[in-house]
Each structure stands twice: as structure tokens, then as C-alpha cells.
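User: I am new to this structure. Could you walk me through it in questions and answers?

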Amino acid sequence: MVERGTSIRARVRAELTEEIKKAARGQLAAEGANLSLRAVARELGMASSAVYRYFASRDELLTALIIDAYNALGAAAEAADAQHRRRTDFAGRWVAVARALREWALAAPSEYALVLGSPVPGYRAPLDTTGPASRTPFVLVGIVREAHAAGQLAPATAAPLPARLRAELAALARTVEVDLDEPILASTLLAWSQLYGAISFELFGQLNNMIDRRTEWFDYQARTMAAQIGLR
């Protein structure tokens, strides 16, 4: 009987935790990063003290939302890559993942902004966010690594890397255990930043009155990024 009661309490707690996070996401969509536990409590018809039993502070709730967002983004990237049947079509896999990230961002703009927009004032992300944040880049770098191992990587001509930057990239490769030469790693990092930049440019209205065919434009950018890396 104790185990059953414990299970029920755990289930109720999990459900209410999700309700709090859902209300917080709604507040983020309406108010941006100006998240308030008191406002969340009012929306749910709860006392503020009750919400604090689930999340001890605004930052703790933000961290939970950030982890959820990174995990959702990473899951979208992983699914898109896994569903691409031609595994040796490395450029196609990159484009498929890029499309999935864009689609997720357009469907959840406030969550995308939370993790890849302007930093939240006064918030410092804990180490708990590192693993979830690594899921998407792990997929992208994985495609490049597989192409390199298969001899299907021909990086486009790029500006030579300064010696100090090359050493920094070599140290980064050792830290994250990525067996890629510095120029390849540099082109991958460049494409990764361009990918998020392309999504943000569209999401935050910078293409307004410029480009109407957004999907075609994004696909062109994603293919160009793949070519810059040297994916075939």
C-alpha cells in the first residue's frame, strides 16, 4: 500500500511539474524571457508557495525549460538524420537535419529564442544543460565524421587558419574527442553557426520584405553550407 501511495504521489507531482512548465512556456511566448514564478502560479490558480515546492527559483524553472528545449531540438535532429535512408548521402543528411531544426524553431519560436536567442538577464546556465545542448551538434559533427571516414569529404578552399586558432581548434578536438583535422573542424563550426544564423534571421523577421520563398531560400543555404564543409 505504501508503494502504491508513493507511486500516485510521484505521478501527481510529475503531472503538476509538467503543468507548471507548460504555463511557463506560455508566459515566455507572451512576455519573452521575463519569467515570473508568481505569474505562473496565478495562471494555474496556485499559491506561489506551492510552485516553489516544485521549482525553488525562477532560474531552476528556466533551467528545466532550457533542458526540455535542447532535448526537443536534439531529438528533431536525431530523428531527421535517422530517417534519411541513403546513409552515404552526407550532404542530403545535413540538409535533412537543417530542415528539421528550422521546422522545430518555426513551431516553437519562444523555446528556440530561449536557448539560441539573446541571453536571459541575470541567468547563468548550470552544467546540467551541457548534455542536452550537445545533442544537435553531435548529430551534425557525426555526419561530417562519417563522410571523412568514408573518404567522401572534400572541403572547399578556405582562408588559412592562423597558427594560434589552429592550436585552439586542435585543443577543442581533443576535449570533445572529435577526430577531425583543424581545417575540417573549422569549416564545420562555421557551417553550424551559419545554420543557426539562417534560422534566427528568418525567425526574428530579418527576411521580411526581402525573401518570400523562405523554404527554398533556406534549402539553398543548407546546401551551400554542406558544400562549404565538403559533404558529397
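This is a predicted model: local features need pLDDT of at least 70, side-chain atom pairs count only at pLDDT 80 or more; totals for chains, interfaces and linings use all residues.

User: What box do the C-alpha atoms of the protein chain fill, taken along the principal axes?

Analyst: The chain has 232 residues, and buried residues make up 41% of them. Along the principal axes, the C-alpha atoms fill a box of roughly 60 × 50 × 40 Å.

User: Among contacts between residues at least 6 apart in sequence, what share joins residues at least 24 apart?

Analyst: Contact here means heavy atoms within 4.5 Å. Take the contacts in the protein chain between residues at least 6 apart in sequence; the share that joins residues at least 24 apart is 73%.

User: Which residues does the UniProt annotation "DNA-binding region" cover?

Analyst: The UniProt record, an unreviewed entry, carries the annotation "domain: HTH tetR-type" for residues 14–73. That span is 78% helix and 0% strand, with its end C-alpha atoms 22 Å apart. The "DNA-binding region" annotation also comes from an unreviewed UniProt entry, and it covers residues 36–55.

User: How far apart are the end C-alpha atoms of residues 36–55?

Analyst: Residues 36–55 are 65% helix and 0% strand. Their end C-alpha atoms are separated by 12 Å.

User: At what angle do helix 4 and helix 5 pack?

Analyst: Two packed helices are described by the angle between their axes and by the distance between those axes. Helix 4 spans residues 58–83 and helix 5 spans residues 90–107. Their crossing is right-handed. The axes lie 8 Å apart, and the angle is about 145 degrees.

User: Which residues in helix 9 meet helix 5?

Analyst: From helix 5 come Trp94, Ala98, Leu101, Arg102, Ala105 and Leu106. The residues of this contact divide into 11 nonpolar, no polar and 2 charged. The helix 9 partners are Ala191, Trp192, Leu195, Tyr196, Ile199, Glu202 and Leu203.

User: Why do Trp217 and Tyr220 count as stacked?

Analyst: The structure holds 3 aromatic pairs. In one of them, the rings of Trp217 and Tyr220 have centres 5.6 Å apart and planes at 25 degrees. Planes under 30 degrees apart count as stacked. The 25 degrees between the planes is under that limit, so the pair is stacked.

User: What separates Trp217 and Tyr220 along helix 10?

Analyst: Helix 10 runs over residues 214–229. Trp217 is partly exposed at 32% relative accessibility, and Tyr220 is partly exposed at 45%. The two are 3 residues apart, so the separation is about one helical turn.

User: Is Asp219 buried or exposed?

Analyst: Asp219 lies in helix 10. The relative accessible area of Asp219 is 12%, and under 20% means buried, so Asp219 is buried.

User: How far apart are the C-alpha atoms of Arg223 and Leu127?

Analyst: Arg223 is also found in helix 10. With a relative accessible area of 47%, Arg223 is partly exposed. Arg223 and Leu127 are 96 residues apart along the chain, and their C-alpha atoms are separated by 33 Å.

User: What is the phi of Asn209?

Analyst: Most residues other than glycine have a negative phi. Asn209 lies in the loop between helix 9 and helix 10, and is exposed at 84% relative accessibility. Although Asn209 is not a glycine, its phi is positive, about 65 degrees.

Technical notes: Residues are numbered from 1 along each chain as its sequence is written. Side-chain values use heavy atoms; hydrogens and water are left out. UniProt positions are given in the numbering used here, feature names are shortened, and annotations may be inferred rather than shown by experiment. Helices (H or I, at least four residues) and strands (E, at least two) are DSSP runs, numbered from the N terminus. Axes are lines fitted to C-alpha atoms, for helices over the stretch in contact, and angles run from 0 to 180 degrees between N-to-C directions. A crossing is left-handed if the near helix is turned anticlockwise from the far one by less than a right angle, and right-handed if clockwise. Rings of Phe, Tyr and Trp (its six-membered ring) pair if their centres lie within 6.5 Å; planes under 30 degrees apart count as stacked, over 60 as edge-to-face and the rest as tilted. Buried means under 20% relative accessible area, exposed over 50%, partly exposed in between (1.4 Å probe, protein chains only). Ala, Val, Leu, Ile, Met, Phe, Trp, Tyr, Cys and Pro count as nonpolar, Asp, Glu, Lys and Arg as charged, and the others, Gly among them, as polar.
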